[in-house]
Amino acid sequence: MISTRSLFLATKLLSGKKHIFKNRNILGAVLGIGLSLIPLIVVLEISSGMIEGITERYMEIGSYHLQVKPFFYLDQEHQDLAIQNIKSLKDVKSAFPVVNGVGLAYSENGRTGISFKALPRDYLNIDKSAAKFIKIESGKFKLDTNDSAMLSSEVARILDVVPGDRIKILTARKFPGRPTVLKPSYLTVNGIFSTGYYELDALSIYINIDKGKKLFTDKNSLIIGVKLFNPFENIKEKTKEVRNILGTGYSVFNWYNLEQSMIDSFNTTKTILLFIMILIVIVAAMNISSAIVMLVMEKEEAIAMLKSTGVSSSIITQAFVSMGFIIGILGTFTGLVLGLLAAININEIIHLSEIIINRFYDYIQILFSPFLILKERNFIIIDTAYYLDKIPIKLDLNSILLISTLTVLLSVFAAYFPAKRAGRLKPMDILRKH
Amino acid sequence: MSNIVIENLYKSYNTGTEKLLILKNLNLTVEPNTRVILTGSSGSGKSTLLNLISGMDNISRGKILVDNYNVHQLDENTLSSFRALSIGLIFQFHYLLKDFTALENVMMPAYMTGMPKAAALAKAEELIVEVGLEARMNHLPSQLSGGEKQRIAVVRSMINNPGIILADEPTGNLDEANSIKVEEILFELVNNHGKTLLLVTHDNSLATRGDRHLKLENGILVEL
């Protein structure tokens with residue numbers, strides 16, 4: 001569709017003294033494409049980073065790569081045998097018991113419902129990939145005794161406790177044929193941690209595995225968490241291998257089964273956001289049409305001259321389509337550079353915006369203080385307490401390539417109709433006019 | 001060898017209120033390698049005749065054959081090829097592409113119609129040297145004098161080696177000294193390269209330089 005001849009003609013017509021960035025229409029079209037791509041790139045990079053950040057945390061700390069659930073109460077002997085069998089598989093990095101349960105926690109200053117996770121005392125050594133996401137905010141990660149507890153920062157905040165403090169917990173215990181009994185226990189806070197994601201932190205308390213087994217005796221409470229060397233590759237086959245080696249009596253779930261609805265919901269949100277952003281790019285690409293219409297008018301004389309020397313309509317059309325292509329490339333490049341810069345520095349941009357807004361708010365308050373009394377306020381754009389502690393960025397090169405190609409194609413499409421019109425111009429009509 | 005045959009040609013324009021008959025039953029045969037000078041008063045239809053021969057304008061009735069091409073029966077693409085390869089056009093105004101250098105202006109018709117870029121540049125360079133403008137080759141039209149621009153326009157018309165050159169008052173915008181220079185170059189090139197020339201002019205003194213002198217009067221062609 002675009003030949004080297006037409007590209008040469010296009011670059012020559014565009015690169016004249018008055019053109020490219022001195023021509024307002026072309027500059028407008030390039031900036032239009034560039035600016036419309038910025039939010040698209042930022043949304044793409046941030047949403048990919050957020051989805052990856054949240055998914056990784058859920059995989060490493062929440063659901064693990066694989067989860068083995070026994071159909072019966074797993075005693076120590078069966079637990080050790082199952083873990084030994086699972087570890088014998090070449091794709092398995094580690095396997096460990098986990099007891100899950102719920103209860104209530106009390107301190108002198110507060111109380112809250114909590115979600116217990118009982119882990120081996122050397123958990124952070126066994127599962128190094130989980131250790132990556134567990135940030136110790138105070139104290140030490142210690143689950144060595146039966147009364148050891150690690151509190152998430154949110155639970156510590158609600159209970160208003162620090163390492164060394166004691167807390168009371170209440171857990172429910174069921175006995176066949178008898179009413180449920182509430183059992184009080186005391187734990188010592190050894191440390192306070194954060195995973196960086198509010199949903200995972202909100203009500204979490206980590207306790208020692210032996211204590212967990214005593215508190216939660218239900219057969220469904222104990223699971224085996226499995227970590228793989230590569231959880232993204234052939235996950236179905238790896239799940240099957242674990243199922244096969246354990247035989248009957250166990251069900252095995254992988255992270256994708258367990259988190260599928262959450263991942264799908266994130267991806268749907270991402271797709272809707274991208275669709276809206278693509279509409280903005282489409283509107284911006286239409287600017288190219290008007291830029292080419294203006295360019296055709298400016299270059300009428302040249303078109304007439306070229307056609308009078310035998311240059312065909314198709315070469316003229318191709319040359320103006322090439323201009324759309326060049327504008328598209330320049331706009332896409334501008335958008336990519338600015339979009340990536342904005343995405344990479346999004347945390348700083350948000351922080352700076354918050355400072356500016358809050359300063360402006362203070363300034364208004366000072367300026368109109370005798371007449372207007374505003375509430376004291378600290379404006380926060382994104383409260384990181386409820387999302388990841390830092391907005392992560394993921395450079396999704398395939399998507400960037402796809403968006404760039406789509407933008408350039410849209411630019412070419414937008415240029416086609418005025419370019420076709422340029423090709424149809426009659427040289428005599430133009431020469432008479434001039 | 002390129003010739004022009006015009007048979008029973010009529011050309012009229014609708015001005016809105018009346019029909020203006022410019023050319024009336026015009027017949028003409030121009031043999032190859034002939035230099036024809038066409039004179040006539042303003043508005044007599046001289047330029048119109050050249051535009052009809054080049055296919056730039058539409059005829060009302062009749063037939064124009066150039067190199068056996070029935071010009072007004074050609075489709076869009078063939079008409080472009082015909083204009084590129086069979087005729088060279090020179091206008092009163094140079095119509096050089098202002099963002100292109102002199103060299104690029106000359107090479108464009110060749111390059112755009114299929115000649116490889118290097119060959120088109122070499123050919124353009126050769127022609128520019130022939131008219132003594134080698135020092136101005138890489139200058140933009142805005143950096144050239146009126147006479148130089150028109151000399152570039154003359155060589156541009158020859159880049160595709162057409163058999164016929166149609167020149168519409170090529171010196172009409174130039175002072176006397178430059179007019180003489182451009183005329184010299186035009187006739188020299190036409191002679192050297194063996195072209196058929198149809199030159200429209202107001203200057204009767206040029207008539208002596210042609211093999212034939214024709215005059216258009218009231219839409220009718222008269223051989224002088």
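The model is predicted: local features need pLDDT of at least 70, side-chain atom pairs count only at pLDDT 80 or more, and totals for chains, interfaces and linings use all residues. Residues are numbered from 1 along each chain as its sequence is written, while chains are lettered from A and ligands numbered from 1 in the order in which they are written.

**Chain B as a whole**

Chain B contains 6 helices and 10 strands, where helices (H or I, at least four residues) and strands (E, at least two) are DSSP runs numbered from the N terminus. Its radius of gyration is 17 Å, close to the 17 Å that the globule rule gives for 224 residues, so chain B is as compact as a globular protein of that length. That radius is taken over C-alpha atoms, and the globule rule is 2.2 Å times the number of residues to the power 0.38. Along the principal axes, the C-alpha atoms of chain B fill a box of roughly 50 × 40 × 35 Å.

Of the 224 residues in chain B, 50% are buried. A residue is buried if 20 or more other C-beta atoms lie within 10 Å of its own, exposed if 12 or fewer, and partly exposed in between, with C-beta atoms placed from the backbone. Among contacts in chain B between residues at least 6 apart in sequence, 69% join residues at least 24 apart; two residues are in contact if their C-beta atoms, placed from the backbone, lie within 7 Å.

**The open sheet**

In chain B, 6 strands form an open sheet with mixed pairing, in the order β6-β7-β8-β3-β9-β10. Two strands pair if DSSP finds at least two bridges between them. The edges are held by β6 (87-90) and β10 (220-223) of chain B, each with a single partner strand, so one side of each is left without a neighbour in the sheet. From one strand to the next, the twist averages 20°. Strands β3 (residues 35-40) and β9 (residues 212-217) of chain B run parallel and are joined by 5 bridges. B:Leu38 has B:Leu214 in β9(B) as its bridge partner.

Most residues other than glycine have a negative phi.

| Residue | Phi | Loop in chain B | C-beta atoms within 10 Å |
|---|---|---|---|
| B:Asn218 | about 50° | between β9 and β10 | 12, exposed |

**Contact between the chains**

The contact takes 22 residues from chain B and 19 residues from chain A. On the side of chain B that touches chain A, the elements giving two or more residues are α2 (76-85) and α3 (102-112) of chain B. Of these, α2(B) gives the most, with 7 residues. By class, this side of chain B has 11 nonpolar, 5 polar and 6 charged residues. Ala, Val, Leu, Ile, Met, Phe, Trp, Tyr, Cys and Pro count as nonpolar, Asp, Glu, Lys and Arg as charged, and the others, Gly among them, as polar.

**A helix pair in chain A**

Helix α1 (residues 4-14) and helix α12 (residues 313-344) of chain A pack at an angle of about 65°, with their axes 8 Å apart. Axes are lines fitted to C-alpha atoms, for helices over the stretch in contact, and angles run from 0 to 180 degrees between N-to-C directions. The residues in contact include A:Leu7 and A:Leu14 of α1(A) and A:Met323 and A:Ile326 of α12(A). This contact has 9 nonpolar, 4 polar and 1 charged residues.
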